[in-house]
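Q: I have a new structure open on my screen and would like to learn how to read it. Could you walk me through some of its features?

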Amino acid sequence: MITVTDLTKVYSQGGRTVHALDGVSLTVPSGSIHGIIGHSGAGKSTLVRCLTMLDKPTSGTVTINGVDLTAARADALRSARRRIGLVFQQANLFDSRTIAQNVGYPLEIVKADAARRKAKVDELLGRVGLADASNAYPAQLSGGMRQRVGIARALATDPDVLLFDEPTSALDPRTTDEVLDLIVSLRTPELAVLVITHEMHVVKRICDSVSLLEGGRIIESGPLTEVVSRLDGRLSQALLGIPPHADLRGAGTLVDVLSSGPETLQPIVAHVSQVVGAEIAIVAGSVEHLAGTTFSHLRLLIPESVEAGRVIDELRRLGADAALTDSLNGTGEAA
């Protein structure tokens with residue numbers, strides 16, 4: 001389990017004080033995959049460095065399975081770090097070492113004997129689908145294969161925690177999905193996985209929970225199915241955002257409606273049209289299957305002859321969440 005409590009990181013840059021992290025708190029239970037999403041400059045890289053104590057936080061605590069890394073002395077900190085597997089955007093492999101030697105490097109550091117190293121390397125290369133590449137060198141592998149090697153190396157010391165820092169941002173879409181599928185396959189009840197990313201696709205595909213980091217602060221956080229269910233939430237707008245559509249201001253009133261689970265299969269728009277006695281048009285929408293649940297986000301055009309509040313009340317009566325589009329964020333587009 002990862003527990004971060006009121007973590008701050010302050011430094012000086014060009015004569016000004018920068019709060020790279022400003023009171024960050026989060027918990028990632030063992031057995032789960034948590035995503036940290038945020039734009040460039042949000043504090044994601046600083047968070048990774050502080051989680052691994054590569055950069056000492058200004059204040060706050062980082063606890064891995066009960067061990068407070070911020071208070072640990074040198075020997076204890078080194079031991080605790082071995083329980084953390086770290087995978088970067090670039091695999092950062094040793095070019096002069098074979099794939100097997102790269103994966104086995106962490107075991108050399110802890111002075112594991114040759115037989116144990118070989119057995120573990122063979123096991124891990126098989127696990128990431130590279131059993132036949134042990135004698136190859138990094139330059140002979142594709143970007144996706146090198147990332148798989150990086151993941152195998154991160155697993156060499158049987159970590160309690162895996163941290164991924166933008167693991168797929170340098171990969172093409174097909175390779176990205178292959179690496180994400182591999183990450184999901186690593187899930188065990190004992191392993192906590194934290195993925196730092198700016199890609200919503202990564203969160204949608206593999207995460208159980210997610211936090212939005214902005215300006216060094218966590219703005220929203222929670223299980224994926226909960227944050228998506230908040231129609232007016234930033235994460236909901238980003239994960240279930242409405243695609244661009246024609247400017248319909250003046251043509252009627254725009255209403256957004258969010259449904260989940262069995263409700264997504266119900267013809268609620270047709271039903272409401274029948275109730276109010278006017279045709280309601282669907283002008284845009286998105287449907288996503290997230291964390292085992294189907295979500296539908298539709299944008300409706302209500303004729304001027306119909307009171308929008310009546311439509312919203314009926315949609316809510318049917319189990320959906322509904323609101324005037326302008327009340328969400330002013331534009332109705334993802335924040």
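Q: How many salt bridges does a search of the whole structure find?
A: Let's begin with the idea: side chains of opposite charge can pair when their charged atoms come close. This is a predicted model, and a search of the whole of it finds 17 salt bridges. One of them pairs arginine 83 with aspartate 160, with the closest N and O atoms 3.1 Å apart. Arginine 83 sits in the loop between helix H2 (74-81) and strand S6 (84-87), and aspartate 160 in the loop between helix H5 (143-154) and strand S7 (161-165), so the pair ties together parts that are 77 residues apart in sequence.

Q: Is aspartate 160 buried or exposed?
A: Aspartate 160 is buried, because its relative accessible area is 18% and the cut-off for buried is under 20%.

Q: Which aspartate meets arginine 299 in a salt bridge?
A: That is aspartate 256, with 2.7 Å from N to O. Here arginine 299 belongs to strand S13 (residues 293-302) and aspartate 256 to strand S11 (residues 253-260), 43 residues apart. Both ends are covered: arginine 299 is buried at 2% relative accessible area, and aspartate 256 is buried at 0%. Salt bridges can also share partners, and in that way Lys120, Glu123 and Asp158 are joined into one network.

Q: Which way do the residues of S3 point?
A: In a regular strand the side chains alternate between the two faces of the sheet. In S3 (residues 33-37), Ile33, Gly35 and Ile37 point one way, while His34 and Ile36 point the other way. The strand is mostly covered, with 5 of its 5 residues buried. As for its neighbours, S3 pairs in the parallel sense with strand S8 (residues 192-197) over 5 bridges, and with strand S9 (residues 209-214), again in the parallel sense, over 4 bridges.

Q: Where is lysine 9, and what does its side chain join in a polar contact?
A: Lysine 9 is in strand S1 (residues 2-13). Its side chain and that of aspartate 55 are joined by a polar contact of 3.4 Å. Lysine 9 counts as buried, at 12% relative accessibility. The residues it touches include Thr46 and Cys50, both of which are buried residues of H1.

Q: What area do domain 1 and domain 2 bury between them?
A: The size of an interface is often given as the accessible area lost when the parts come together. For domain 1 (2-229) and domain 2 (243-327), that area is about 600 Å², 70% of it on carbon and sulfur atoms. Lys204, Thr225 and Val228 supply 68% of the area that domain 1 buries against domain 2, more than any other three residues. Between the two domains the count is 1 salt bridge.

Note on methods
Residues numbered from 1 in each chain as written. Predicted model: local features only at pLDDT ≥ 70, side-chain atom pairs only at ≥ 80, totals over all residues. Heavy atoms only, no water. Helix = DSSP H or I, 4+ residues; strand = E, 2+ residues; numbered from the N terminus. Buried < 20%, exposed > 50% of the residue type's maximum accessible area, 1.4 Å probe, protein only. Polar contact = N/O pair within 3.5 Å; in protein donor to acceptor, adjacent residues only side chain to side chain. Contact = heavy atoms within 4.5 Å. Pairing = 2+ DSSP bridges. Domains from an automatic or database assignment. Buried area = accessible area lost by both parts, 1.4 Å probe. Salt bridge = Lys/Arg side-chain N within 4 Å of Asp/Glu carboxyl O. Lists of a residue's contacts leave out its neighbours within four places in sequence.
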